[in-house]
Amino acid sequence: MVGEQVLFVGGMVINLVASLIITRGIYYPQRRTRDYIFTFIAFSTVIYLVMGLFTSVELSIGVGFGLFALFSVLRYRTDTVPIREMTYLFVMVALPIMNSILFTSGQYGKLALSDGMIIIVLWILEQKWGFQYNERKLVHYEKIELVRADRYDDLIEDLRERTGLPITGIEIMEIDFLRDSAEILITYPQEKA
């Protein structure tokens with residue numbers, strides 16, 4: 001009985017350490033926002049605790065798939081969660097399920113390798129090694145005379161000057177000739193935090 005409790009707490013600590021490395025060591029330095037850290041750590045911890053309460057691996061796997069199904073239906077009605085944060089949230093849901101199953105079945109090598117690979121892959125992706133991440137913003141633009149195919153270069157130059165951003169592309173979303181304005185989606189490289 002005491003041995004089971006020690007294993008349960010040991011697995012919980014390993015899961016918490018992996019979650020903290022991902023959120024504090026990888027996510028936070030890049031995004032510099034604390035908005036989702038609470039959610040990431042809370043999800044990971046609670047899901048590990050729920051999974052750890054089941055003694056059979058078959059039951060744990062079934063509950064794990066049930067949690068994935070619940071997660072796919074789950075929507076935050078107040079705020080739209082950006083895709084990167086949804087990806088981290090997915091990792092934080094999958095991590096404790098995987099850790100619980102591997103730890104309780106005694107597959108410590110696979111657990112260390114799996115957690116390590118997840119951490120390394122996320123870290124490499126956040127370093128942008130070999131990748132160029134772009135951001136996009138929708139701007140309301142009033143110089144309608146520049147919104148023409150033959151004035152494309154002038155339009156980009158004016159937008160660069162006015163926004164101070166190194167714009168690499170534009171997409172004209174809507175033109176309003178009554179108000180002499182346009183909605184333009186600008187694309188520019190994401191600055192490293």
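Mentor: Of the contacts in the protein with a separation of 6 or more, 63% join residues 24 or more positions apart. A contact means heavy atoms within 4.5 Å. This is a predicted model, in which local features need pLDDT of at least 70 and side-chain atom pairs count only at pLDDT 80 or more, while totals for chains, interfaces and linings use all residues. Residues are numbered from 1 along each chain as its sequence is written, and side-chain values use heavy atoms, with hydrogens and water left out.

The protein has six helices and three strands. Their pattern along the sequence is α-α-α-α-α-β-α-β-β. Helices (H or I, at least four residues) and strands (E, at least two) are DSSP runs, numbered from the N terminus. Of the 193 residues, 36% are buried. Buried means under 20% relative accessible area and exposed over 50%, with partly exposed in between (1.4 Å probe, protein chains only).

The three strands form an open sheet in the order β1-β3-β2, with antiparallel pairing. β1 and β2 are the edge strands; each has a single partner, so one side of each lacks a neighbour in the sheet. From one strand to the next, the twist averages 15°. For such angles, axes are lines fitted to C-alpha atoms, for helices over the stretch in contact, and values run from 0 to 180 degrees between N-to-C directions.

Now the pairings. Two strands pair if DSSP finds at least two bridges between them. β1 and β3 pair over eight bridges. Across that pairing, Arg136 stands opposite Thr187 in β3, and Tyr141 stands opposite Ala182 in β3. β2 and β3 pair over seven bridges. There, Ile170 stands opposite Ile186 in β3. The hairpin of β2 and β3 has four residues between the strands, and Asp180 takes a positive phi near 50° in it. β3 itself is mostly covered, with seven of its nine residues buried.

Next, α6. This helix runs over residues 152-163, and its twelve residues reach 16 Å from first C-alpha to last. That is close to the 16 Å expected at 1.5 Å a residue. The expected span is 1.5 Å times one less than the number of residues. Leu155, Ile156, Asp158 and Leu159 are the buried residues of α6. Seen down the axis, they fall within an arc of 165°, so they line one face of the helix. The arc is that of the directions from the helix axis to the C-beta atoms. An α-helix has 3.6 residues a turn, so residues three or four places apart point the same way. The face of α6 turned away from its buried side carries the exposed Asp153 and Glu161.

What covers that buried side? The cover includes β1 (134-141), β2 (169-176) and β3 (181-189). Just after α6, Gly164 takes a positive phi of about 75°.

Last, the loop between β1 and α6, where Ile144 lies. Ile144 is buried, with a relative accessible area of 16%. Leaving aside neighbours within four places in sequence, Ile144 is in contact with Ile175, Phe177, Asp180, Ser181 and Ala182. Ile175 is 31 residues from Ile144 in sequence, yet their C-alpha atoms are 8.3 Å apart.
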